[in-house]
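Below is a walk through a two-chain model, given in running paragraphs. Please keep the sequence and coordinates at hand while reading.

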Amino acid sequence: MAGNYEYEDGPTTEGGAVNDNGNGTGYDPNFVPDSVKSFVAHLYRHIREKNVYEIHQMYESSFQTLSERLFKDTPWPSVEAVSHYVDNDHVFCLLYREMWFRHLYARLSPTLRQRIDSWDNYCSLFQVVLHGVVNMQLPNQWLWDMVDEFVYQFQSFCQYRAKMKSKSELEISLLKQFDQANYAWNVYGVLNFLQALVEKSAIIQILEQEKEGLEQFTATDGYDYSGGSNVLKVLGYFSIVGLLRVHCLLGDYQTGLKCLLPIDITQQGVYTSVIGSHITTIYHYGFANLMMRRYVDAIREFNKMLLYIYKTKQYHQKSPQYEQILKKNEQMYALLAISLSLCPQVKLVEETVNSQLREKYGEKMIRMQRYDDEAFAIYDELFSYACPKFITPSASSFDEPLVNYNQDAYRLQLKLFLYEVKQQQLLSGVRTFMKVYSTISLSKLANYMEVDEPTLRTILMTYKHKTHSVDFEGKVTSNADVDFYIDDDMIHVSESKPVKQYGDYFLRQIVKLEGVINDMDRVKLE
Amino acid sequence: MGRGRETPKSQQQQVSYTVEQLVAVNPYNPDILPDLENYVNEQVSLQTYSLDANLCLLRLYQFEPDRMSTQIVARILVKALMAMPAPDFSLCLFLIPERVQMEEQFKTLIVLSHYLETGRFRQFWDEAAKSRHIVEAVPGFEQAIQAFAIHVLTLTYQKVPRTVLAEAINIEGLSLDKFLEHHVANSGWILEKGHGKGQLIILPRNEFNHPELKKNAADSIPLEHVTRIFP
């Protein structure tokens with residue numbers, strides 16, 4: 001994706017054709033190696049026979065192997081070239097093209113023309129699905145990848161569009177052409193497709209009815225065992241996560257979290273059936289909560305996710321998502337470091353995660369809690385490393401002189417975040433003293449903190465305000481690790497006793513014991 | 001609340017969607033922009049509030065910056081300020097381009113927010129007095145900020161000196177006496193004579209200023225988990 005070669009074809013190129021990307025390998029879109037003929041024919045057959053397991057194998061392994069071996073830095077053969085091996089099946093061709101573009105984005109650098117063609121392909125594909133005429137069962141991994149890639153290409157296009165400086169005359173004229181209604185990758189189109197998939201699939205109602213035992217969805221991992229198709233339902237489901245992600249990219253954290261509400265992230269669900277979806281959901285959930293000052297919620301979820309990755313990443317070593325998993329893992333550690341520096345609730349973090357965190361960011365976290373200039377620089381660094389790639393959703397501005405504005409959205413979010421950090425500057429001082437005293441007069445504490453009494457009162461009120469978050473319904477929750485109350489001019493620090501979680505422990509042991517007894521029963525019968 | 005357009009007689013039979021319904025069902029639609037703007041004005045005059053509708057409008061402004069009305073944005077921000085302690089003000093700022101935030105009226109609003117976020121009520125009221133044109137345009141502003149001030153005081157104090165309260169809500173003298181009387185009668189406040197320094201106001205008990213009231217939810221188990229272990 002890093003390539004600098006963004007050649008532009010003229011508007012006369014016929015649809016779907018690809019020009020030589022200038023790397024001299026003489027790519028011929030019409031040449032179909034035998035292994036590809038066999039691949040598409042088999043994949044097509046498995047899809048028709050609804051053989052999900054085989055489809056998954058081919059999609060995950062064979063496609064990757066062939067890409068690695070034959071198409072390391074060229075695109076796959078064009079869809080026109082392969083279509084007669086698959087009965088010219090319209091839907092299969094749409095699926096093939098989707099994979100084709102995904103491969104292109106991953107290995108090469110798409111031209112503007114290709115970006116537009118990919119958008120057209122998604123439109124066609126989603127419209128087919130939305131019309132409810134699709135009768136396939138596809139693996140969840142594939143369906144997730146479609147939604148994920150769709151949002152990714154949107155983000156990529158916004159970034160591309162905002163880099164006006166390096167554009168050629170030709171590119172600019174093509175962009176202008178597409179800046180009408182229904183232009184490629186416009187934000188309305190993207191959001192409305194995701195919304196339509198959610199609505200048409202009735203996934204929200206399905207999830208609700210499932211809680212009352214009237215529907216089966218999670219129990220079957222989204223698959224339809226009564227002869228129907230899982231495609232619309234599961235695409236609708238994953239679009240919920242897609243909406244969360246797009247809203248985060250726009251900086252609208254509240255709406256993003258609201259979109260996610262139908263999915264209960266305290267439980268396993270279809271979103272955990274694919275590691276990419278699990279990580280994307282929790283990463284954005286945590287980030288949105290961080291920006292909304294709901295530090296405890298962010299810390300809890302990052303902790304669970306990081307522990308899960310720690311335990312399971314070895315199983316994904318061979319998968320094409322492995323690098324992405326590792327990257328998101330590192331980013332979540334950075335976000336966890338930030339969250340814990342603003343809200344030092346270390347009890348919420350599990351041992352393994354904590355020791356990893358200390359290793360990566362222990363030093364930095366100590367410095368962040370000093371709230372001096374160096375601290376702000378570290379907050380800046382970690383935030384910039386870990387934040388989503390924010391976008392400017394509006395159409396290009398063609399005003400001279402052309403400027404790059406792809407960083408504007410990111411700079412705004414960073415600025416507001418650091419502003420919030422600055423407002424919390426004096427709170428760590430309060431914490432330090434609260435840990436040492438059980439009662440202390442305002443005048444004494446003001447003395448130690450080298451401020452006057454009225455200022456101290458404002459600092460204490462700031463502490464209370466910042467550590468008590470308010471949710472959608474106006475309910476107040478305390479995020480405070482140490483707390484206090486004031487009686488006239490005396491501060492009384494609250495004792496917080498760490499509570500042992502007996503309930504959970506007993507439940508787990510009971511279930512375990514039952515399991516053992518059941519096993520033993522079985523042994524006797526043999 | 002109708003669509004804000006002329007509806008011919010024959011269509012008046014149809015169900016007209018409220019703005020809230022539009023936002024819930026069809027939010028990514030540039031056509032509802034005028035409805036959302038009208039709704040902001042309605043929230044101001046009727047002293048109602050809807051964060052979701054306002055965020056929806058700010059998003060549409062993001063998508064089509066040429067249609068942005070800074071006057072409407074300013075009103076949204078004032079309403080958001082009035083929603084404190086909710087973080088609505090920051091949530092709105094995240095959606096407003098930096099160059100717009102650099103305009104005078106927005107800089108003032110950001111300063112006002114900053115004072116409230118950091119408990120600097122005296123500075124807040126001083127600055128608000130200088131910016132009457134912004135804040136007086138929205139009815140209910142003063143009361144909303146006073147309610148926020150009381151919220152923070154109630155989190156912080158079991159007993160608060162009269163002077164601290166007075167500064168936080170910007171009421172003094174006889175008006176303050178009346179105010180206190182009202183809350184003693186309706187909100188469970190108790191007045192007490194302080195040690196020669198003046199009145200003390202005892203604020204209602206809650207889990208935040210009375211730690212012993214804190215329900216320890218840490219060890220409670222949802223019923224569903226328990227039912228799972230039964231055959």
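Over all chains, a search of the whole structure finds 32 salt bridges, a salt bridge being a side-chain nitrogen of Lys or Arg within 4 Å of a carboxyl oxygen of Asp or Glu. The model is predicted, so local features need pLDDT of at least 70 and side-chain atom pairs count only at pLDDT 80 or more, while totals for chains, interfaces and linings use all residues. Residues are numbered from 1 along each chain as its sequence is written, chains are lettered from A and ligands numbered from 1 in the order in which they are written, and side-chain values use heavy atoms, with hydrogens and water left out.

Chain A comes first. Chain A has 21 helices and five strands; helices (H or I, at least four residues) and strands (E, at least two) are DSSP runs, numbered from the N terminus. Its C-alpha atoms fill a box of roughly 85 × 85 × 40 Å along the principal axes. Of the 526 residues of chain A, 56% count as buried, where buried means under 20% relative accessible area, exposed over 50%, and partly exposed in between (1.4 Å probe, protein chains only). Contact means heavy atoms within 4.5 Å. Among contacts in chain A between residues at least 6 apart in sequence, 74% join residues at least 24 apart.

The interface is next. The contact takes 58 residues from chain A and 61 residues from chain B. Between the two chains about 5,100 Å² is buried, and carbon and sulfur atoms give 59% of that area; buried area is the accessible area (1.4 Å probe) that two parts lose on being put together, summed over both. Five salt bridges are counted between chain B and chain A, along with 22 residue pairs in polar contact (both at pLDDT 80 or more). A polar contact is a pair of N or O atoms within 3.5 Å; within protein, one must be able to donate a hydrogen and the other to accept it, and residues adjacent in sequence count only if both atoms are side-chain atoms. On the side of chain B that touches chain A, the elements that each supply at least two residues include helix H1 (19-25), helix H7 (104-117) and strand E1 (157-161). The largest share, seven residues, comes from H3(B). By class, this side of chain B has 37 nonpolar, 14 polar and ten charged residues; Ala, Val, Leu, Ile, Met, Phe, Trp, Tyr, Cys and Pro count as nonpolar, Asp, Glu, Lys and Arg as charged, and the others, Gly among them, as polar.

Asp252(A) pairs with Arg59(B), with the closest N and O atoms 2.6 Å apart. Asp252(A) is buried at a relative accessible area of 1%, and Arg59(B) is buried at 3%.

Arg293(A) forms a salt bridge with Glu420(A), the closest N and O atoms being 3.4 Å apart. Arg293(A) lies in the loop between helix H12 (275-291) and helix H13 (295-312) of chain A and Glu420(A) in helix H17 (residues 408-423), so the pair ties together parts that are 127 residues apart in sequence. Both Arg293(A) and Glu420(A) are buried. Within it, Lys466(A) and Glu117(B) have their closest N and O atoms 2.7 Å apart.

Strand E4 (residues 484-487) of chain A and E1(B) run parallel, joined by two bridges; two strands pair if DSSP finds at least two bridges between them. Tyr157(B) is the bridge partner of Ile486(A). Within chain B, E1(B) pairs with strand E3 (residues 199-202) in the antiparallel sense over three bridges, and Pro161(B) stands opposite Leu200(B). Four bridges then join E3(B) to strand E2 (residues 190-193), also antiparallel.

Some local details remain. Ser229(A) lies in the loop between helix H9 (203-211) and helix H10 (231-250) of chain A and counts as buried at 18% relative accessibility. A polar atom of its side chain lies 2.7 Å from the backbone oxygen of Met136(A), and the side chain of Ser229(A) reaches the backbone nitrogen of Val231(A) at 3.1 Å. In chain B, the peptide bond from Met84(B) to Pro85(B) is cis, with omega near 15°.
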